[in-house]
Each structure stands twice: as structure tokens, then as C-alpha cells.
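Colleague: I have the model open beside me and would like to go through its labels with you. Shall we take them one at a time?

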Amino acid sequence: MKVRILVSLKESVLDPQGQTVRNALHTLGYNQVKDVRQGKVFEIELEGLGRAEAEKLIPEIADRVLANPIIEKFSWEIMET
Amino acid sequence: MKFGVVVFPGSNCDYDTFHVLQNVMGQETVFLWHKEHDLQRVDCVVLPGGFSYGDYLRSGAIARFSPIMREVKKFAESGGLVLGICNGFQILLEAGLLPGAMLRNKNLKFLCQHVHIRIENNRTAFSQAGYKGQVLKIPIAHFDGNYYAPPDLLSELEKNKQIIFRYCDEKGKLSEEANVNGSAHSIAGLINRDGNVLGMMPHPERASEKILGSEDGQVIFRSMINYLEKKMGSGKKKAVRLVKPPVSPLPPLIGTF
């Protein structure tokens with residue numbers, strides 16, 4: 001089973017990297033870009049568990065390890081089973 | 001007093017810290033390998049600076065799962081003195097031994113420079129050899145030192161006087177400019193509620209000898225030694241050994257990554 005987990009800074013936390021990317025895009029003339037938030041992607045392969053178990057396990061590892069809940073939020077999706 | 005310096009794969013201030021504790025401060029010092037489960041009965045644990053596990057995932061995020069960290073956590077929870085310097089501070093945050101988190105520096109640059117920090121609270125085990133308002137010149141070297149905590153936590157830290165050091169100018173004045181990495185409330189060092197765990201971004205071990213341009217870092221080590229000697233009941237002896245001991249060679253590291 002392939003899972004994709006997205007981790008990014010919470011809205012309440014300033015993201016200077018995202019801002020720098022946005023400014024660079026503006027310099028190139030892409031003024032339609034209103035905001036950029038930068039994050040991380042984890043592609044994880046799981047084995048030996050069903051969908052219901054995976055749906056329990058994924059947020060657990062995201063919360064415990066992949067994201068720091070003080071500053072980051074995460075979302076996830078099961079890509080293929 | 002016996003100090004333990006924890007060595008993670010990627011620690012790079014371990015020898016500097018060991019050298020200062022043993023050869024400058026005259027204390028018995030041992031290395032504690034990250035795979036060990038035994039703290040060798042040390043009186044104080046120091047998590048040194050560096051780039052444990054290459055700063056992968058987040059600074060300090062992987063090191064907190066090292067076997068030795070379980071012992072460090074137990075040690076801290078039972079009142080043991082723990083000092084985290086730079087990456088050590090980041091590990092303490094990730095391990096939940098100190099509150100808050102680190103963000104990338106506000107200017108997105110790795111900062112390697114001397115800074116000034118002001119002692120905000122000298123009634124702690126880590127700052128009692130200094131005085132309130134004292135300005136220390138100590139270097140920093142980090143990418144992720146922009147301390148973040150939600151507003152309610154920040155007011156709690158202020159209320160409990162848990163902020164021990166703030167970035168300031170050479171006269172001790174706070175400013176946005178002096179707060180080089182953009183930390184909330186100019187926080188450079190912070191203590192836990194019980195007062196036995198300190199994390200600080202500046203490197204006191206790099207500022208403990210005249211030849212290195214500043215001896216101000218000794219204030220932190222001397223405070224800890226004073227505190228421990230008093231706690232152990234040997235307070236009647238001369239509090240600090242001021243005579244410089246002979247420099248003994250540093251032990252080689254044993255262990256595989």
C-alpha cells in the first residue's frame with residue numbers, strides 16, 4: 001500500500017522559505033501568485049495491514065515523527081492499495 | 001562533579017564541550033555514546049551541538065529516539081541536571097523536555113557569529129554565577145534557532161521566569177536587529193518548569209577561554225558546578241577550582257554508528 005503524507009507549517013506560523021519562493025516568482029513576473037507555503041512530502045510503502053489499520057497507523061506516525069505538531073500540520077492520502 | 005557528554009552521529013561540539021569541562025573547569029567528564037543505556041552515574045548530562053543524524057527530518061528529530069535519550073529523559077524527570085547546547089537544545093525541544101519548537105532563522109541564513117545575550121534570571125542552576133542583566137558574549141552557529149511557541153506558552157514562560165537568556169546588543173538592549181535569528185521574545189535560552197533542564201542556542205563551550213575571544217561561557221558551567229556541589233553537600237569546599245588543571249588528552253570515541 002502506497003501512502004503520501006504532506007507536512008507543512010501551520011497557518012499561524014511564519015514561513016520565510018515560502019515567502020522567499022513567492023518573492024522569486026514575483027521577480028519573474030508571476031504576479032498572480034498570491035502566497036506560497038512550503039512543506040515536505042513523504043511517500044511511504046506499507047505492508048501487512050488492511051485499510052482500516054492503515055488509516056489508524058498513518059496519522060499516528062505523522063503526528064509522532066514526521067510532523068512536529070507545535071509548528072506543523074499534516075494531511076495524507078492512500079495512493080494505491 | 002561528574003559530567004557526561006552525549007555523542008550522537010553528527011555531534012561536532014562533543015570534544016569542545018569535553019575539553020572545557022575537563023581541562024578548563026577541572027571536572028571529571030565522560031562521553032556517553034548514543035547507543036548506550038547507562039548514564040555512568042554522572043551528575044549532569046550535556047547534549048552538545050552539531051548536526052545529529054544530519055539534521056534529517058527536523059533538527060534533533062531523530063536523535064530523540066536514540067537509546068540514550070530514554071535514560072536522559074528519566075534522569076531529567078528525576079531532577080538531574082541537563083544542559084542542551086544548540087543542536088542539544090533542538091533535541092530537548094523535540095524530546096518534549098523543553099516546550100516550543102525551532103523554525104528556520106528569519107533571514108534564512110546559517111548564522112555563525114558572536115552574539116550578546118543577557119541573563120534574565122540568575123536564580124537557576126545554570127545562571128547563578130552571573131547576575132541579572134549581565135551581558136555575555138558567546139557565539140552562535142545554527143540554521144534553525146528561531147524559537148517559536150504559541151502566545152499562551154510564551155506568556156507562561158514569561159510568567160514563570162523560564163526565559164534565562166535573551167539576544168541583546170553589547171549594552172544589553174533588546175532590539176529586532178540584535179535578535180539575529182528572529183526568536184520569539186528574543187529567546188536564546190530557556191529552562192523547564194522544574195529548573196533542571198536548560199536549552200540554549202549560543203555555545204558556551206566556544207567562549208570559555210581567553211584565547212577564543214571570550215570567557216563568558218564559563219558563567220554557565222561555573223553555575224552548574226556550584227549548584228551541584230551545594231546539592232551534594234560539599235559546599236564548604238572551595239566552590240570552584242580556579243587553578244587550571246593540566247591538560248589531559250581526550251579519550252577516543254568508541255562505538256560504531
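Colleague: Let me start with a loop. Between which strands of chain B does His185(B) lie?

Modeller: His185(B) sits in the loop between strand 9 and strand 10 (187–191) of chain B. Bear in mind that this is a predicted model.

Colleague: Why is His185(B) called partly exposed?

Modeller: A residue is buried with 20 or more other C-beta atoms within 10 Å, and exposed with 12 or fewer. His185(B) has 17 C-beta neighbours inside 10 Å, so it counts as partly exposed.

Colleague: And what makes Gln40(B) exposed?

Modeller: The cut-off for exposed is 12 or fewer. Gln40(B) has 11 C-beta neighbours inside 10 Å and therefore counts as exposed. Its place is in the loop between strand 2 and strand 3 of chain B.

Colleague: What is the phi of Gln40(B), and what is that of His185(B)?

Modeller: Gln40(B) has a positive phi of about 55 degrees, although it is not a glycine. For His185(B), also not a glycine, phi is positive at about 55 degrees. As background, most residues other than glycine have a negative phi.

Colleague: Which residues of helix 1 (residues 14–24) of chain B are buried?

Modeller: They are Asp14(B), Asp16(B), Thr17(B), Phe18(B), Val20(B), Leu21(B) and Gln22(B). Their cover includes strand 1 (2–7), strand 2 (28–33), strand 3 (44–47) and helix 5 of chain B.

Colleague: How do you know that the radius of gyration of chain B agrees with a compact globule?

Modeller: For 257 residues, a compact globule would have a radius of gyration near 18 Å, and chain B has 17 Å, so the two agree. Along the principal axes, the C-alpha atoms of chain B fill a box of roughly 40 × 40 × 35 Å. Buried residues make up 53% of chain B.

Colleague: Which residues touch the most other members of the largest nonpolar core?

Modeller: Val6(B), Val45(B) and Met224(B) do, in a core of 79 residues. Helix 5 (residues 218–231) of chain B gives the most to this core, with six residues. Apart from that core lies another, of five residues, including Val3(A) and Ile58(A).

Colleague: What does Val45(B) touch, leaving out residues up to four places away in sequence?

Modeller: Val45(B) touches Gly4(B), Val6(B), Leu39(B), Val72(B), Phe75(B), Gly80(B) and Val82(B).

Colleague: What makes strand 6 (residues 111–119) and strand 7 (residues 135–142) of chain B a pair?

Modeller: Pairing needs at least two bridges. Eight bridges join strand 6 to strand 7 of chain B, and the two run antiparallel, so they pass the cut-off for a pair. In this pairing, Ile117(B) stands opposite Leu136(B) in strand 7. Strand 6 is also joined to strand 9 (residues 163–168) of chain B, by four bridges and again antiparallel. There, Ile119(B) has Phe165(B) as its bridge partner.

Colleague: How many residues does each chain bring to the contact?

Modeller: Chain A brings seven residues and chain B brings eight. The chain A side divides into four nonpolar, three polar and no charged residues.

Colleague: What ipTM and pTM does the predictor give the complex?

Modeller: The predictor gives an ipTM of 0.84 and a pTM of 0.90. The mean pLDDT of chain B is 92, with 92% of its residues at 70 or more.

Technical notes: Residues are numbered from 1 along each chain as its sequence is written. Chains are lettered from A and ligands numbered from 1 in the order in which they are written. This is a predicted model: local features need pLDDT of at least 70, side-chain atom pairs count only at pLDDT 80 or more; totals for chains, interfaces and linings use all residues. A nonpolar core is a set of buried Ala, Val, Leu, Ile, Met, Phe, Trp, Tyr and Cys residues joined through C-beta atoms within 7 Å. Two residues are in contact if their C-beta atoms, placed from the backbone, lie within 7 Å. Ala, Val, Leu, Ile, Met, Phe, Trp, Tyr, Cys and Pro count as nonpolar, Asp, Glu, Lys and Arg as charged, and the others, Gly among them, as polar. pLDDT is the predictor's confidence in each residue, from 0 to 100. The radius of gyration is taken over C-alpha atoms; the globule rule is 2.2 Å times the number of residues to the power 0.38.
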